[in-house]
Amino acid sequence: MTKAIFPGSFDPLTKGHLDLIKRASKMFDEVVVTVAKNTSKNGVFSYDERMSLIKPNIEGIENVSVTSADGLTVDLAKQVGATVIVRGLRNSSDFNAESSIASMNYNLDNAIESVFLITRPEFQSVSSSLIKEIAHFGGDITPYVPQNVATALKEKLS
């Protein structure tokens with residue numbers, strides 16, 4: 001049985017994230033979506049809020065669960081028994097950043113593999129940062145995020 005974690009800040013969860021989660025769920029026996037702390041980002045939503053926004057969107061996917069973490073990704077992987085870290089790549093900038101992280105994770109624990117999934121073309125321009133910027137100025141984010149996320153973000157920013 002292969003268990004994977006899909007870590008991210010998910011602030012907010014996007015349809016691109018959901019696409020990656022669904023695709024990973026078909027590749028691995030179990031996927032643990034991990035709301036992780038990113039020390040270089042200031043979140044709009046708390047850990048608990050992010051988890052509560054993710055849960056209804058993964059309910060129908062039998063082998064996917066959600067948790068939170070405040071530490072090294074490899075430590076969480078070991079803690080939950082995962083041997084794979086799944087990450088999405090939108091472009092070459094993501095590849096450069098993620099390959100450095102994957103190399104460091106390998107140095108920290110070479111029993112844990114990193115797997116990269118290329119983002120579908122319709123989601124390549126979507127990032128949580130851009131979504132927050134669009135929402136801040138009253139733009140329509142519904143094409144890019146689930147409805148519960150759009151509603152929560154609008155409320156949070158008003």
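Helix H5 (128-136) and helix H6 each supply at least two residues of the lining of the second largest pocket. The model is predicted. H6 gives the most to this lining, with 5 residues. The volume of the second largest pocket is about 210 Å³.

Which residues line the second largest pocket? They are Ala 135, His 136, Gly 138, Gly 139, Asp 140, Ile 141, Thr 142, Gln 147, Ala 150, Thr 151, Lys 154 and Leu 157. By class, this lining has 4 nonpolar, 6 polar and 2 charged residues.

H6 also meets another helix. The axes of H2 (residues 47-58) and H6 (residues 147-157) come within 10 Å. They cross at roughly 155 degrees. Angles over 145 degrees count as roughly antiparallel, and H2 and H6 are therefore roughly antiparallel to each other. On the H2 side, the residues in contact are Glu 49, Ser 52, Leu 53, Pro 56 and Asn 57. On the H6 side, they are Asn 148, Val 149, Ala 152 and Lys 156. The contact of H2 with H6 has 4 nonpolar, 3 polar and 2 charged residues.

Two single residues follow.

Asp 19 sits in helix H1 (residues 15-27). Is Asp 19 buried or exposed? Its relative accessible area is 17%. Buried means under 20%, so Asp 19 is buried. Which residues does Asp 19 contact, leaving aside neighbours within four places in sequence? Those partners are Arg 120 and Phe 123.

Thr 2 lies in the segment before strand S1 (3-8). Thr 2 has a relative accessible area of 30% and is partly exposed. Not counting residues up to four places away in sequence, Thr 2 touches Phe 28, Asp 29, Glu 30, Thr 83 and Val 84. One of these partners is Glu 30. Thr 2 and Glu 30 are 28 residues apart in sequence. In space, C-alpha to C-alpha, Thr 2 and Glu 30 are 6.7 Å apart.

Methods:
Residues are numbered from 1 along each chain as its sequence is written. This is a predicted model: local features need pLDDT of at least 70, side-chain atom pairs count only at pLDDT 80 or more; totals for chains, interfaces and linings use all residues. Side-chain values use heavy atoms; hydrogens and water are left out. Axes are lines fitted to C-alpha atoms, for helices over the stretch in contact, and angles run from 0 to 180 degrees between N-to-C directions. Helices (H or I, at least four residues) and strands (E, at least two) are DSSP runs, numbered from the N terminus. Angles under 35 degrees count as roughly parallel, over 145 as roughly antiparallel, 65 to 115 as roughly perpendicular and the rest as oblique. Contact means heavy atoms within 4.5 Å. Ala, Val, Leu, Ile, Met, Phe, Trp, Tyr, Cys and Pro count as nonpolar, Asp, Glu, Lys and Arg as charged, and the others, Gly among them, as polar. On a 1 Å grid over the protein atoms alone, a cavity is a set of points where a 1.4 Å probe fits but cannot get out, and a pocket is an open set with protein on both sides within 12 Å along at least five of seven lines; lining residues have an atom within 4 Å of a point. Grid points are joined across faces, edges and corners, and a volume is the space filled by probe spheres set on the points. Buried means under 20% relative accessible area, exposed over 50%, partly exposed in between (1.4 Å probe, protein chains only).
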